[in-house]
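Hello,

Here is the structure I promised to pass on to you. Have a look at it first, and then read on for what turned up.

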Amino acid sequence: MVTAAQPLLPPRATARPPRAGAVRHLGPNWYATVMGTAILATAGAGLPGAAAVPGLRTALTGVWALSLVLLLALLCARALHWTHHRDQARAHLLDPAMAPFYGCLAMALLAVGGGALTLGADWTGTKAAVAVDAVLFTAGTVVGLAAAVAVPYLMAVRHRVEPGQATPVWLLPLVAPMVSAALGPLLVPHLPAGQARETLLLGCVGLFGVSLLATLLMLPLVFGRLITGGPLPLALTPTLFLVLGPLGQSTTAVDKFADVAPGVVPAPYSDGFSVLAVLYGVPVMGFALLWSALAVAHVLRARREGMGFAMTWWAFTFPVGTCVTGAEGLARHTGLAVLEWLAIGLYAVLVAAWGVAALHTVRGVVSGALLAGPRPVPVALP
């Protein structure tokens, strides 16, 4: 009779090649590493006085290159995942906790594409950078719109979710079109004057509306669950920072609209975009700061109760980065020094958060802990 508890071991017949087996539990949430790295580079490039710091732009371009390498590596790894572990990939789609992370794929493509024009052009030249951004922007926008429709559809038809299960992760597929709206204007000056430029700009305004209205529908569910259901589980507490994503990115988007609108749309509308950048951006940034304080309080509580590292810690990076770019845009359009200092302060937080998340992620990959599957529950065999 066996009295010791023994873990269930997988049969040898299911063994796979080492590389294919290593990616079995690699989910779409890993694209957050690309997003956080890319925005670390692009947000730094827009800081007030960044051009006067020797070597800073070169270092930031290197960070963008790292995000490009991470994107290519993850695309290959995820291709292996779908090829060798289709059952697990389908399980991710049918898991209401994992399916929303497919929005991260779109945002990773868009973030790296935007960085190609903002920083990568220094190394590749403008023509190549425009080509890279055009491809990644198109792919990211298509994937983002597909996720914004498919994930809520799956949640309604295939997933079984309760109001008490609402988390900020549900916002991820809805934020992706807002990232397209914020980064699409970078391509406007590179299109032929006239219909092409105006079409892209107003298309980005349409994407802004898609994401904003969808977020306004989803955010009350998240906030209501937080108030009535108590704090999130410890591992999910960092996802509270995901709420900053649509706030900071929408502020960035209206700033970009105002930057490129003159000469693209008629004068009354171009002036309207400048007004919108301030009248929309300032109150939204105010709410973002309020939510930041609430999220920090929850994270500090979770740390006291033993919250350890998880991939959700990457939520400290990209959403904060969108607030940095939003504050940078507001500083340009208002000329207020306080907004410049806000952008610099938030960027310091972003650098620290990225460093901590990156260090723990590298350690987890090297040790194999982050790529390992869920531990089997020990059972006693009679």
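**The cavity and its lining**

Met 35, Met 107, Leu 172, Val 175, Leu 242, Gly 245, Pro 246, Phe 318 and Pro 319 line the largest cavity. Sorted by class, the lining has 8 nonpolar residues and 1 polar one, with no charged residues. The space in the largest cavity comes to about 60 Å³. A search of the whole structure, with a threshold of 30 Å³ or more, finds 1 cavity.

Please keep in mind that this is a predicted model.

**Aromatic pairs**

How many aromatic pairs are there? The count comes to 8. Let me walk you through two of them.

Phe 208 and Phe 257 make an edge-to-face pair, with 6.0 Å from centre to centre and 75° between the planes. Phe 208 sits in helix 8 (residues 195–229) and Phe 257 in helix 9, so this pair links distant parts of the chain, 49 residues apart. Are these two residues buried or exposed? Both Phe 208 and Phe 257 are buried. They also belong to one aromatic cluster, together with Phe 273 and Tyr 280.

The other pair is Phe 223 with Trp 291. Their ring centres are 6.0 Å apart and their planes meet at 55°, so this pair is tilted; edge-to-face would need an angle over 60 degrees. Phe 223 lies in helix 8 and Trp 291 in helix 10 (residues 267–304), so the pair ties together parts that are 68 residues apart in sequence. Phe 223 has a relative accessibility of 38% and therefore counts as partly exposed. Trp 291, at a relative accessible area of 4%, is buried.

**Where to be careful**

What is the average pLDDT of the chain? It is 90, and 92% of the residues score at least 70. There are two stretches to treat with care. Over residues 1–18, pLDDT stays under 50, and the model has 14 contacts beyond four places in sequence for them. Over residues 376–382, pLDDT also stays under 50, and here the model has 11 such contacts.

Happy browsing, and do write back with any questions!

Best wishes

Terms used: Residues are numbered from 1 along each chain as its sequence is written. This is a predicted model: local features need pLDDT of at least 70, side-chain atom pairs count only at pLDDT 80 or more; totals for chains, interfaces and linings use all residues. Side-chain values use heavy atoms; hydrogens and water are left out. On a 1 Å grid over the protein atoms alone, a cavity is a set of points where a 1.4 Å probe fits but cannot get out, and a pocket is an open set with protein on both sides within 12 Å along at least five of seven lines; lining residues have an atom within 4 Å of a point. Grid points are joined across faces, edges and corners, and a volume is the space filled by probe spheres set on the points. Ala, Val, Leu, Ile, Met, Phe, Trp, Tyr, Cys and Pro count as nonpolar, Asp, Glu, Lys and Arg as charged, and the others, Gly among them, as polar. Rings of Phe, Tyr and Trp (its six-membered ring) pair if their centres lie within 6.5 Å; planes under 30 degrees apart count as stacked, over 60 as edge-to-face and the rest as tilted. Helices (H or I, at least four residues) and strands (E, at least two) are DSSP runs, numbered from the N terminus. Buried means under 20% relative accessible area, exposed over 50%, partly exposed in between (1.4 Å probe, protein chains only). pLDDT is the predictor's confidence in each residue, from 0 to 100. Contact means heavy atoms within 4.5 Å.
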